[in-house]
Amino acid sequence: HSMKWMPWGPEWTLGYTRFGFRTYGLFDNPLLTGTFLTVVWPLALDKALQHRRYRPLLIIVGMGIILTGSRSCILVTFGVTLLQVWPVLRMAGRFFLSLAAVVAFGGLLASPFGARFVDALVSGRDANLNQRVIAIEAGLNMIADEPLLGVGPGLFATTYATHYKPILSQDHHTSHTLDNLILQLASEAGVPA
């Protein structure tokens with residue numbers, strides 16, 4: 001369904017259709033959109049706690065995070081919310097916040113996105129997670145091989161495809177990223193960078 005509404009999205013997003021709608025975002029990759037919105041979340045939450053007029057903004061940012069389908073962004077958002085709101089509440093409020101978090105997470109698990117969380121818990125079932133582990137191993141090997149200068153700015157994908165064996169589902173070298181900005185910078189530009 002998402003291709004019907006946003007046909008400009010990348011081809012790899014078609015693999016997520018079994019999980020229901022997943023936004024492409026203005027940044028092309030749902031993970032980048034999720035990361036951006038997760039950084040905005042504490043600011044929006046702080047404003048919403050101070051003034052009611054910011055609550056619609058909080059709802060929009062929260063829905064944006066959920067629609068990216070990024071498991072890590074969703075979990076970080078839950079954690080940040082608990083840490084940010086917890087000190088403001090009394091004992092009864094803390095109980096209801098904890099209960100609401102459990103119910104909300106349970107509802108998320110029951111949704112089409114919930115299958116992504118379950119897949120991550122079953123060893124070997126989540127191809128995306130497996131690819132990330134392999135890409136991180138390749139990045140660490142690149143850092144070990146070229147610690148001072150790296151493989152070259154922007155060359156992680158090419159180096160990964162040509163010198164480090166890609167897994168079968170990731171043969172197209174332009175789809176490779178490390179999904180870790182610090183390690184990708186170190187592998188491309190060296191540890192000093």
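This is a predicted model: local features need pLDDT of at least 70, side-chain atom pairs count only at pLDDT 80 or more; totals for chains, interfaces and linings use all residues.
The chain contains nine helices and zero strands, so that, read from the N terminus, its elements follow the order α-α-α-α-α-α-α-α-α. Of the 193 residues in the chain, 37% are buried, while the chain as a whole exposes about 11900 Å², of which carbon and sulfur atoms supply 69%. When contacts between residues at least 6 apart in sequence are considered, 55% of them join residues at least 24 apart.

The largest nonpolar core comprises 14 residues, and the members that touch the most other members are Trp41, Leu45, Leu58, Val61, Ile65 and Ile74. At least two residues of this core come from each of the helices α2 (30-50), α3, α4 (71-85) and α5 (91-110), with α2 giving the most, namely five residues.

Val61 lies in helix α3, which spans residues 55-68. With a relative accessible area of 5%, Val61 counts as buried because this value falls under 20%. Apart from its neighbours within four places in sequence, Val61 is in contact with Leu37, Val40, Trp41 and Ala44. The C-alpha atom of Val61 is separated by 9.9 Å from that of Phe36, a residue 25 residues apart from Val61 along the chain.

For Ile74, again leaving aside neighbours within four places in sequence, the residues in contact are Ile65, Ile66, Gly69, Leu108 and Phe117.

Key
Residues are numbered from 1 along each chain as its sequence is written. Side-chain values use heavy atoms; hydrogens and water are left out. Helices (H or I, at least four residues) and strands (E, at least two) are DSSP runs, numbered from the N terminus. Buried means under 20% relative accessible area, exposed over 50%, partly exposed in between (1.4 Å probe, protein chains only). Contact means heavy atoms within 4.5 Å. Accessible areas come from the Shrake-Rupley method with a 1.4 Å probe; for residues, only the protein chains shown count as cover. A nonpolar core is a set of buried Ala, Val, Leu, Ile, Met, Phe, Trp, Tyr and Cys residues joined through side-chain atoms within 4.5 Å.
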